[in-house]
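Here is a short note for someone opening this structure for the first time. Please read the points with the model in view.

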There are 2 protein chains.
Amino acid sequence: MSVPVTLTTSPKQKPAADSLGFGKFFTDHMFVLDYSSAKGWHDGRIIPYEPISLDPASKVFHYGQAIFEGLKAYITVDGEALLFRPDRNFARLNHSAERLCIPAIDEQQALEALKQLVEVDRAWIPAEAGTSLYIRPFIIATEADLGVDESTEYKFIIIMSPSGSYYAEGINPVKIMVEKKYVRAVVGGTGEAKTSGNYASSLISSKEAHEQGYSQTLWLDGKENKYVEEVGSMNIFFKINGTVVTPELTGSILPGITRDSMIQVLKHKNIPIEERHIAIDEVIDAHTNGTLEEVFGTGTAAVISPVGRLLWEGEELVINNEEIGDVSQLLYDTLTGIQSGKINDDFNWTIRLT
Amino acid sequence: MSVPVTLTTSPKQKPAADSLGFGKFFTDHMFVLDYSSAKGWHDGRIIPYEPISLDPASKVFHYGQAIFEGLKAYITVDGEALLFRPDRNFARLNHSAERLCIPAIDEQQALEALKQLVEVDRAWIPAEAGTSLYIRPFIIATEADLGVDESTEYKFIIIMSPSGSYYAEGINPVKIMVEKKYVRAVVGGTGEAKTSGNYASSLISSKEAHEQGYSQTLWLDGKENKYVEEVGSMNIFFKINGTVVTPELTGSILPGITRDSMIQVLKHKNIPIEERHIAIDEVIDAHTNGTLEEVFGTGTAAVISPVGRLLWEGEELVINNEEIGDVSQLLYDTLTGIQSGKINDDFNWTIRLT
């Protein structure tokens with residue numbers, strides 16, 4: 001079932017591949033689907049990319065009912081367009097919707113609409129190594145009413161942005177600061193939902209990290225400030241004495257789709273992987289006794305970010321000589337290999353557009 | 001210093017006083033102030049109330065940089081218009097701005113703009129007992145860029161809504177449910193900022209409370225799920241054995257302006273008042289031994305909401321026979337008396353518009 005398409009009459013010029021950056025340019029079209037309590041989700045359509053006009057009393061501006069997803073379309077080495085696990089993104093969007101009292105979307109219809117939108121703007125998918133078309137589905141509350149309760153009207157929108165290689169030179173170890181003052185999320189809160197408020201809350205920590213020369217924050221749990229949770233925009237993994245360990249999903253951690261893919265690849269390669277609580281003290285101890293072999297973050301944007309330095313209580317731990325570890329490299333090669341069509345998709349994760 | 005005014009050419013019909021409700025109708029004009037990193041806050045203006053046009057990549061939709069305030073204008077018994085402690089709202093807005101990495105506004109200029117806006121729409125302030133003009137200043141991030149960092153562009157907007165009496169029959173005891181599953185905020189998070197994400201996170205709890213016949217949620221702290229913090233849209237007070245107790249401001253509680261006013265009135269009346277940690281167990285114990293004399297919430301919308309029933313672990317505590325207590329009544333009469341000009345403003349809290 002396809003949705004009606006209104007093509008733009010003034011297509012934009014496409015930016016050069018080396019000027020893309022992340023999330024700065026947008027394609028010619030967008031998908032929009034409306035919700036009202038009377039009609040449910042209705043009127044799905046692909047239209048030219050254009051501003052949204054909203055009443056200033058719209059609930060999204062006041063009470064933050066806003067959730068989103070991030071995924072990518074790639075051009076394979078054979079020139080085909082593919083999506084990576086998009087079904088998981090729409091499933092997670094509905095999981096976030098439930099927490100925020102937003103009505104669920106039809107995941108299958110959303111996927112069909114996305115495929116149609118990517119086809120319409122297919123020429124916007126950059127083909128250079130490391131580049132991709134970043135896709136941002138999101139839902140916002142649009143009812144104009146200041147009562148503090150869930151909105152009766154919403155918009156589900158998909159916009160797309162051609163994006164450059166996250167690191168110009170491939171994968172590159174980053175410097176991360178362990179955050180002790182601010183808290184991202186606590187069990188019972190919205191940490192496992194991909195909602196705008198989680199990001200708003202984290203900005204001050206990133207800002208302070210940047211000022212000290214670190215690229216992101218490593219969050220600890222909100223109850224005890226003791227257990228590792230996740231990095232600013234990534235899940236986190238530690239290789240300690242041959243075993244890869246990542247925090248289990250406790251309810252305050254975002255269930256990353258790249259995280260899940262990495263765990264499956266590790267199991268497939270027979271590399272020991274544990275999902276469990278990890279105290280920051282365990283990480284420090286492992287570093288002290290020489291068993292902290294690799295640290296890396298995973299996420300849609302960078303796929304893998306090895307952590308070269310970790311700041312904790314004023315001391316900087318250097319990890320694996322600030323080099324990319326074997327497991328990090330293997331995971332990166334496997335995932336980007338599948339995404340670029342260079343290696344076989346044994347996991348059935350990719351959807352090729354016909 | 002006044003800002004330029006563009007008057008509407010199509011004024012709306014004003015709703016009848018008995019149909020107002022809360023936050024449903026908006027006046028003819030709004031105040032808008034823009035921010036860019038190059039110009040700072042600039043171009044303050046009063047214009048007809050109208051939709052805002054935003055790029056779908058605007059950061060407010062994705063990363064939730066959105067803060068707000070709520071205050072009221074009243075018509076006194078002498079027919080004058082007055083504002084109640086508006087300086088405190090703009091100070092708190094800047095406090096919220098700091099936590100969310102939003103550039104500070106000039107509080108004095110914002111107050112002058114607000115006074116000018118209220119003058120322009122003065123005919124919209126309802127004069128019936130218990131009614132008022134609810135004022136909603138808010139700031140949203142408007143830069144169109146999906147990078148997870150603070151916006152370089154914002155809008156500060158003030159909209160206004162004529163609002164009815166919160167309780168048709170004056171003040172009326174409400175039923176409150178103590179929340180054990182969900183958490184509103186944790187120290188290190190955004191609990192003391194008035195940001196949209198805090199409200200988004202709370203909706204599911206209110207929804208479940210409503211389904212069980214309760215009007216709001218009483219939140220416990222996020223670390224130990226033990227100490228009382230605040231109610232959905234109010235701060236909370238307990239009168240135990242002659243002393244009024246309210247949770248101290250720990251960093252996860254909203255510093256309510258009505259809360260502060262109540263504390264000052266209590267001190268002025270020589271009624272014992274303590275700001276300190278209060279475990280929910282202490283409240284239950286006081287009820288059991290008969291010393292829990294009153295429970296009430298305070299906030300801009302309702303001024304005072306006595307709590308008649310409190311649900312805790314499946315048991316419902318009936319408080320003060322579901323009647324309004326003496327202290328609740330005294331505080332309500334004092335605050336609404338000052339706001340309506342019926343009693344003298346010994347605290348210098350009101351600003352009369354000339």
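1. A term first: a residue is buried when its relative accessible area is under 20%, and exposed when that area is over 50%. The model is predicted. By this cut-off, the buried residues of α4(A) are Ser196(A), Gly197(A), Asn198(A), Tyr199(A), Ala200(A), Ser201(A), Ser202(A), Leu203(A), Ile204(A), Ser205(A), Ser206(A) and Ala209(A).

2. How much of α4(A) is buried? The count is 12 of its 16 residues, so the helix is largely enclosed by the rest of the structure. Both chains supply cover. From chain A, the elements over the buried residues include β4 (66-68), β9 (174-178) and β10 (216-220). From chain B, they include α1 (59-63), α2 (86-99) and α4.

3. Now the form of α4(A). The helix reaches 23 Å from its first C-alpha to its last, close to the 22 Å expected for its 16 residues. There is a bend of about 35° at Ser202(A). Ser202(A) is also one of the buried residues. Just after the helix, Gly213(A) has a positive phi of about 90°.

4. Next, the cavities. The whole structure holds 7 of 30 Å³ or more.

5. What is the lining of the largest cavity made of, by class? It has 15 polar, 10 nonpolar and 2 charged residues.

6. Turn to α2(A), residues 86-99. This helix has 14 residues and spans 21 Å between its end C-alphas, close to the expected 20 Å. Its buried residues include Pro86(A), Phe90(A), Leu93(A) and Ala97(A). Arg92(A) and Arg99(A) are also among them.

7. Two backbone angles deserve a look. Most residues other than glycine have a negative phi. Cys101(A), which follows α2(A), has a positive phi near 60° without being a glycine. Cys101(A) sits in the loop between α2 and α3 (107-120) of chain A. Asn321(B) is not a glycine either, and its phi is positive, about 60°. Asn321(B) lies in the loop between β17 (315-318) and α7 (326-339) of chain B.

8. Are these two residues buried or exposed? Cys101(A) has 9% relative accessibility, so it counts as buried. Asn321(B), with a relative accessible area of 62%, is exposed.

Key:
Residues numbered from 1 in each chain as written. Chains lettered and ligands numbered in written order. Predicted model: local features only at pLDDT ≥ 70, side-chain atom pairs only at ≥ 80, totals over all residues. Heavy atoms only, no water. 1 Å grid on protein atoms, 1.4 Å probe; cavity = no way out; pocket = protein on both sides within 12 Å on 5 of 7 lines; lining within 4 Å. Points joined across faces, edges and corners; volume = space filled by probe spheres on them. Nonpolar A, V, L, I, M, F, W, Y, C, P; charged D, E, K, R; others polar. Helix = DSSP H or I, 4+ residues; strand = E, 2+ residues; numbered from the N terminus. Expected span 1.5 Å × (residues − 1). Bend = angle between axes of the 7 residues up to and from the residue. Buried < 20%, exposed > 50% of the residue type's maximum accessible area, 1.4 Å probe, protein only. Contact = heavy atoms within 4.5 Å.
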